[in-house]
Amino acid sequence: MMHLPAQYRLRRAAALLRAGKVITHPTEAVWGLACVPWSQSAVARILQLKQRDPAKGLVLVADHVSRFQGVLPLLPDEVQESLMASWPGPNTWVVPDAGWAPEWIRGSHQSVAIRVSSHPLTVALCQAANTCLVSTSANPAGMEPARSQVEAQRYFRSAVDYYLPGRTGGLAQPTGIRDALTGQVFRGS
């Protein structure tokens, strides 16, 4: 159970997210930049902060599989079962999307990358904000991902609206990303 100051910080971060702001927080392996995916201006800020090509698309992270009911029913039953068996956990899957995710999330793709996290703070943040979140490493393109709040602050200083304190989940590498239909590995774990 979180003590009061931690609950206050979590509520503050969630309120900022709902207001279209950008925060950083620890994830499974690295610090991440987060925003509500439905806010085009917040997503544009993250892309600008990272100097990331919008065509690449972004990962969405959630506290529960129900947040992805806009895309999961499009998958064959055996693929759905495989995804469910891998979550919650450090597994990001690229799934076909017929328009549930905004184009500023999908980039140039007709798919979306999704993960149901097992990281306690990420889960709590999604619950408090009552939505899935954009989750991308806290670093400018070409730089090493931040592994601490200090490193994230060194990259972004006051350009980020809030730094939610906490610890990463201890993974050595960012979560793997695979195609749910073909198994193709886009990023190893």
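This note covers the sheet, a helix packed on it, and the nonpolar cores.

1. Basis. This is a predicted model, with local features needing pLDDT of at least 70, side-chain atom pairs counting only at pLDDT 80 or more, and totals for chains, interfaces and linings using all residues. Residues are numbered from 1 along each chain as its sequence is written, and side-chain values use heavy atoms, without hydrogens or water.

2. Sheet. Nine strands form an open sheet with mixed pairing, in the order β7-β1-β2-β6-β3-β5-β4-β8-β9. The edge strands, β7 (162-163) and β9 (185-187), each pair on one side only. Strands are DSSP runs of E, at least two residues; helices are runs of H or I, at least four. Two strands pair if DSSP finds at least two bridges between them.

3. The β1 side. β1 (residues 23-26) pairs with β7 in the parallel sense, over two bridges. Ile 23 has Tyr 162 of β7 as its bridge partner. Helix α5 (residues 120-129) packs on the sheet and touches β1, β3 (59-62) and β6 (133-137). Contact means heavy atoms within 4.5 Å.

4. Main core. The largest nonpolar core has 36 residues. Such a core is a set of buried Ala, Val, Leu, Ile, Met, Phe, Trp, Tyr and Cys residues joined through side-chain atoms within 4.5 Å. Buried means under 20% relative accessible area (1.4 Å probe, protein chains only). Phe 68, Leu 83, Val 95 and Ile 114 have the most contacts inside this core. Helix α2 (40-50) is among the elements giving two or more residues; α2 gives the most, five.

5. Second core. A separate core of 17 residues includes Leu 10, Val 36, Leu 125 and Leu 133.

How values were computed. Axes fitted to C-alpha atoms, helices over the stretch in contact; angles between N-to-C directions. Buried < 20%, exposed > 50% of the residue type's maximum accessible area, 1.4 Å probe, protein only.
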